[in-house]
Amino acid sequence: MIATDRLKLRAWREADKPLLGVIHADPEVMQFLGGMKTASETSDMVEQLMRLSEVGEPIFWAAERIGDGALLGAVGLHRLGTDFPFGPALEVGWRLARDHWGKGYATEAARAALDYAFGSLDAPCVYAFTALANTRSEAVMQRLGMKKIEGGEFAHPDLLPTDPSSMHMLYVAERMVPQSGT
């Protein structure tokens, strides 16, 4: 588990499936994420995340508000394969219920995920990407201090080229290596 002042990123539970299903059924939340998902697709996704977590893989964890235990969405890390033009690589990402947008939760949780990637996983860099039109997610990347890779636009391999969200922008965060004193 990873904790911040207001949130904890934790392993998924069976009871989270219906709550994530509500998030996945919101067309505005899913606008840039390949479209809405069915309850069955959501269940399969949570099952896969639970299996990956059990073997110690970094995942998009359940993002829970500490104050009341509310599930806000999914935030975390994902290993990308060579189907991505910059892969294999580690991605940081977020998906929050619309009620929780604009409160700094995505930035807070993603910053904790980046700290975990650089500290516990010793990752040299972590990527984030979103559809070209998704200015909200791009703003989170900028608040995290990530740098946009100029000329890094790419067609998302999981989306059809005819999908208006197919083209994505790419950002990177690089681990800061402490400089030794002289």
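Select the charged side chains to begin: the mean positions of the 18 positive and 24 negative charges of the protein lie 5 Å apart. Here Lys and Arg count as positive and Asp and Glu as negative, while His and the chain ends are not counted; each charge is placed at NZ of Lys, CZ of Arg, CG of Asp or CD of Glu.

The model is predicted: local features need pLDDT of at least 70, side-chain atom pairs count only at pLDDT 80 or more, and totals for chains, interfaces and linings use all residues. Residues are numbered from 1 along each chain as its sequence is written, and side-chain values use heavy atoms, with hydrogens and water left out.

Next, display the cartoon. The protein has four helices and nine strands, where helices (H or I, at least four residues) and strands (E, at least two) are DSSP runs numbered from the N terminus. From the N terminus on, their order is β-β-α-α-β-β-β-α-β-α-β-β-β.

Now select residues 105-119, which form helix H3. How far does H3 reach from its first C-alpha to its last? The span is 21 Å, close to the 21 Å expected at 1.5 Å a residue, the expected value being 1.5 Å times one less than the number of residues.

Within H3, 11 of the 15 residues are buried, so the helix is largely enclosed by the rest of the structure. Buried means under 20% relative accessible area (1.4 Å probe, protein chains only). Among them are Tyr105, Glu108, Leu114 and Phe118.

Finally, show the whole protein: buried residues make up 47% of its 182 residues.

Methods:
Buried means under 20% relative accessible area, exposed over 50%, partly exposed in between (1.4 Å probe, protein chains only).
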